[in-house]
Each structure stands twice: as C-alpha cells, then as structure tokens.
Amino acid sequence: MALLDINGLTQNFGGLCALSDFSIRFEGGELTGLIGPNGAGKTTVFNLTSGFYRPSQGDIRFRDRSIVGRKPHQITGMGIARTFQNIRLWKDMSVLDNIRISQHYAMGYSLWDALARTANYDRAEKKILRTASEILESLDLTRYADELPKNLPYGIQRKVEIARALSIQPSLLLLDEPAAGLNSSDVQGLIQLIRWIHETFDITIWMIEHQMAVVMNLCSWIKVIDFGVTIAEGTPDEIQNNPDVIKAYLGDDNI
Amino acid sequence: MQRFSVPLLLALLFGALVAASHTGAIDLYIQSVIMFIGINIILSSSLNIVNGYMGEFACGHAAFMAIGAYVASILNVLLFTKDKYFGPPLLPPELSLYFFPLVLLAGGAAAALAGMLVAIPSFKTRGDYLAIITIAANFIVTSTIINMNAIGGARGFMGMKKIIFSMEDVLELPWMLIWVILGTVFSVWTIRRFVSSTYGKGIIAIHQDEIAAEIMGVNTNRMKLMAFMISSGLAGIAGGLFAHILGYINPGSFGILKSTECLVMVYLGGMGSLSGSVISAILFTLLLEGLRFVIPWINTGLHWLHLLPDAYEVSQVWKWVIIPLILVLLMQFRPEGIMGNKELSDIFPRLKRWYHFK
Ligand SMILES: Nc1ncnc2c1ncn2[C@@H]1O[C@H](COP(=O)(O)OP(=O)(O)OP(=O)(O)O)[C@@H](O)[C@H]1O
Ligand SMILES: [Mg+2]
C-alpha cells in the first residue's frame, strides 16, 4: 500500500493551467524534492494535496483512500502536515499556543468539557501541553515558548512552523521552500534539522526548494516541473545533468 | 487561597448588593443602573467573542437580544400569568421563580439557533459582506416582530412585571437584581472558560490566519458556528433579563442603535479582552446615565452664559452626538481600546498572586 499516490492531477485557474497531469507515488520513508522555476506550479501541488483547492482532474490517494473533496482539517487529521512558503504562524499568539492549537485534530474533549472543566478536560489539556513541550524541547525551541512569533527572527519562525507541523505527528510532511529567506548559516542548520527529522521521526518528507544546494544535499529523488508540466525526475546527479532542467532554469540561450 | 479569591469577592459583592437593595439602602434608580451594567457586560463580552476574539465584524447583536427577550417574555407570560391573548396561566404562578432560569436559557437557546443562521454565511464570507448580512439579520428580526400582531407587533409586549410580582410573592427579595448578577457571572465565566481552552483558542487562530487554522487541523466552520452560537445565545439571555427589568419591550428597543451600542462597548474595551469588555460596559453605562444629569447642567450653563438662544434647549438627543464623538476620539488616539487585547492580569502581573480566574 502506497502512502501517497497522486495520479493525473490537473489544476486550472480560469484559463491558466497551473498544473497538468502530475503523478507521484510514495511508499513511505522517502525524502523527495519538487523543484521548478517561479510559477511552475509547485505550491499548487501542495495546496491540492493539503485540500486547499479541489483538483480540476485527477486523484490523490493517501493510504489507499481518496482525499479529494475532503476538508483541509480532515486531511491534516489523517496525517498530512505542511508548512508555507511565506510563514503562516499565528503571529500574535505565543509559540506554545501555536503548537497547542495545532492539536485540534485530536482534541480529546468537547465544548461541554471546556465549560465545565471536567476531569476529561484536565487530562486532555495536560496531554496537549506535554506533546507541545516535547516537540519544542526536541527542536531546541523551549526558550521561545512564551514569545510571540512576530518578535522572533525569521530563521526561528521557520523552525517554529516546522515544529508546529511536526506536532501533528504526521506521516507525510510537506515543506514549501523551507530555506527561503534564510542566511547561509541558517541554511546549513536547516539541512541538518531536516535530515535529523527524517531520521528521528518515522516520516516521509516532500519538499519544494529553490536553493539547489538544499535539495541536492537532502533528497534522494527529485521531480522537476515547469509551467505545470513534469519535465524530469531522477536522482540529484541525473537532475543536475539533465538538459531539459538546465534549459528550464537558465533559458535556451545558455546551452 | 487565590483560587477562592474571585468567587469570594463576587459572593461578598452579590450579598452586599442584594442586602442593600432589599433593605432600601440603595434606591430603585441605583439598582436599575447596576442591572443595566450587568446586561451591558453580557452584551459586550458576548459580542467580543465574534468581533474581538474571532475578528469578524458582526453588527446585529441586538437581533439576538430581541429573540431572547421575546421568547423568554412570551414563555413566562404564557406559563405563569393570565393574559388577554394567551388566556389563564398554564402553571401555578409561584413556580415562575424556579422556572425563571430555565425560561432565560430557553430564550438564549432560541437566540443561539438564530445565531446559527448568521454563522452559516460566515463560512464563505467575511469582512464587509458579513457585516451587511448581520445588519440585514437585525432588520429581519425587528420587522418580523413588528408584523406579528399576536405578540403585540410594533406596540410591544408586556406582562412581565406580573412575573416579578409572583416571584416576590414567594419570597420578598430583589429578584431581578439577583438574576442579572447571576446571569452576568454565568456569561463572563462561560466566555472565559471557552476562550482560555485550547479548543476555544481555535477562534483566535481563525482571527490571526484563517487559512493556517484550517490547514493546521482546526475545523474552522465548526468553530465559527460555535462562536456565533455562544455569542448570540448569551445576547439572548441578556435580552430576557432586559425584558423582565423593564416589564415591557417593543421591537424599537432592539434596532441598529442598540447593536451599535454593543459595538461601541467592544471597541471601547478592546477587541479580544474580556476584562476590557467588562470595564467598558461599566464605563459606558455610567457615561450614559451620567449624561442624563450632565446635559441639563450644560443646558443651564450655556443659557446662563447667554451662549444659546432662549428658545433652544440642549436635550437628551445630544447624547448621540457626545457618545459618537467619544468614539471618534478613541479611534484617533487609542484605536486598540482601553485594554487592547490584554487582560487585567497581563497589565498588572502582580494581580496574579491574588487571583486565579478560570
Ligand atoms: N488561486 C490562484 N488563482 C489563480 N492563479 C493561481 C492561483 N494560485 C496559483 N496560481 C497561478 O498558478 C501558477 C503556479 O503557481 P504556484 O504558486 O504553484 O507556483 P510555484 O511553483 O509555487 O512558484 P514559486 O516558486 O514562485 O513559489 C502561477 O502562474 C500562479 O500565478
Ligand atoms: Mg510556491
């Protein structure tokens, strides 16, 4: 049984075909890259997978169940978590609360429990707090627990967003350009972090990235799209030497 | 000790107010001001759920108040009084005392159901469009009542005073004051528990980034439904109390002007601050009452200084010039309101040693 099986995915925005006939399959445990020039349709793939858009055509199956038409929060509950190209933390809420609220997928109590402060409420809130503290601890973010994300440096915000996604205990983690906006020392840290996450948690990672160093360093398999069309896939070495990819990135003139 | 300080203080205050009213140490006017403070606290803090914590812009809070007021009044009059439309009481009038909280809650439940109807469009729209929908809902409710002759139409509905009398027949106490204080404490406590739970904080996540909330696992539609229903349900309870304090209601009391008062209190206190809503409701009520006295003084003063033509009197209508003016000034100089989105204990951390409110 495949973890994720995307088949013939197509997305039109009005007249624009942002993605056409995209397919990919994960068995579980991979660390795969998705690259392509600006506007290629990479984020669109993630938006479709996380249920933010409904595809014009094609199917997305997660653990053998189609997730097309499900609400984003349901898909998250099934085990797909993501980060965003432009960080989308809740900026005026403490880092700890950011992680706690992401536990909605497995709340464990009802409105009534919250109002009556039942034993069930106390138990569930304790568990939520423990999960959140553990994830902050393991990503070395504990000292930022009470800070507001808006006051944190960009690199830390990125890390908090990854922590928030991990706190959902996903089996598939989608990272949309995690290195965007980071300086070179932060990028080194990020590469180590992603590798560490991949080794430590039993997780499949699929990442979009512009910085070739990051993708080439981390991913064992890479897929390249341009204008919504898949133009190549293979190992980092194969991709680096693929004339179509070079053409897509550098334009015809440079060949 | 901290755990008990707030309940203890509230119990003391409650006991003192009831005793003072019972013995006549505070007169009926002061009692009514206290009751309106309570009602305004419920209105502003409940609207704050949607407009402050969740960041929507709902402008028809009075509609839910109206529904709660009419449902509770009609139920009470139908069940416990002899009425020329509804006939003899269905239950012995002295039971009204014990049924009163249930009747209030029934009014609240009806208002919450109506709140659901506004919540559903909010799944897809927000901002200006939702504002328009809520204003429309306010008009729909008031004009529906105006056109229902069985419940008095535009003339209004009365008979609730008899309920108070039958409660007093059972035991001679200032019952409305008691119910208002209990209702206020119940509302503030409900809201506090809702928005301080991880579950309830989902609405703050919706405020700060709705897309992130949905994608990070918050069922945004359900949270919106819940927020609107709690908010309008509590407004319905406030309406029920309001109706029984006055003993008479008409649709005109629940128009856009009333909804605007609720909005003013929320923005005056600070969006997303419960203590702000409580403080602003107190200040706002005192201000409204204060102007009752101040406007005649201004009038006499200006006449004495010969600044006004003899024929012109500064009337109470000027209240509606002074209050919006205060709001304009507030938005100019402190747009975040009195408390911003902070609570008292955030501003005075030392308070935390003294109380623990949850
Ligand atoms: N909601 C939308 N409505 C209309 N067009 C859209 C929408 N979302 C994306 N597009 C278009 O689809 C194309 C692909 O966008 P997408 O964001 O997926 O690109 P990308 O590969 O992530 O690019 P970048 O590297 O700049 O992030 C772009 O031309 C974009 O303008
Ligand atoms: Mg993108």
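A:Tyr109 and A:Tyr121 are both buried in this predicted model. Their ring centres lie 4.9 Å apart, with the planes at 65°. Across all chains, the whole structure holds 18 aromatic pairs. In chain B, helix 11 packs against helix 12 at about 125°.

**Aromatic pairs**

- A pair of aromatic rings is described by the distance of the centres and the angle of the planes.
- A:Tyr109 and A:Tyr121 form an edge-to-face pair, because their planes stand at 65° and the cut-off for that class is over 60 degrees.
- A:Tyr109 sits in the loop between helix 3 (95-101) and helix 4 (111-116) of chain A.
- A:Tyr121 belongs to helix 5 (residues 119-138) of chain A, so the pair ties together parts 12 residues apart in sequence.
- In chain B, ring pairs join B:Phe36, B:Tyr70, B:Phe157, B:Phe242 and B:Phe254 into a cluster.

**Helix packing in chain B**

- Two packed helices are described by the angle between their axes and the distance between the axes.
- Helix 11 of chain B spans residues 256-269, and helix 12 of chain B spans residues 274-304.
- Their axes are 8 Å apart and meet at an angle of about 125°.
- That angle makes helix 11 of chain B oblique to helix 12 of chain B.
- The crossing of helix 11 of chain B with helix 12 of chain B is right-handed.
- Helix 11 of chain B contributes B:Glu261, B:Val264, B:Met265, B:Leu268 and B:Gly269 to the contact.
- Helix 12 of chain B contributes B:Gly276, B:Ser277, B:Ser280, B:Ala281, B:Phe284 and B:Leu288.
- The residues of this contact divide into 6 nonpolar, 4 polar and 1 charged.

Terms used:
Residues are numbered from 1 along each chain as its sequence is written. Chains are lettered from A and ligands numbered from 1 in the order in which they are written. This is a predicted model: local features need pLDDT of at least 70, side-chain atom pairs count only at pLDDT 80 or more; totals for chains, interfaces and linings use all residues. Side-chain values use heavy atoms; hydrogens and water are left out. Axes are lines fitted to C-alpha atoms, for helices over the stretch in contact, and angles run from 0 to 180 degrees between N-to-C directions. Helices (H or I, at least four residues) and strands (E, at least two) are DSSP runs, numbered from the N terminus. Angles under 35 degrees count as roughly parallel, over 145 as roughly antiparallel, 65 to 115 as roughly perpendicular and the rest as oblique. A crossing is left-handed if the near helix is turned anticlockwise from the far one by less than a right angle, and right-handed if clockwise. Contact means heavy atoms within 4.5 Å. Ala, Val, Leu, Ile, Met, Phe, Trp, Tyr, Cys and Pro count as nonpolar, Asp, Glu, Lys and Arg as charged, and the others, Gly among them, as polar. Rings of Phe, Tyr and Trp (its six-membered ring) pair if their centres lie within 6.5 Å; planes under 30 degrees apart count as stacked, over 60 as edge-to-face and the rest as tilted. Buried means under 20% relative accessible area, exposed over 50%, partly exposed in between (1.4 Å probe, protein chains only).
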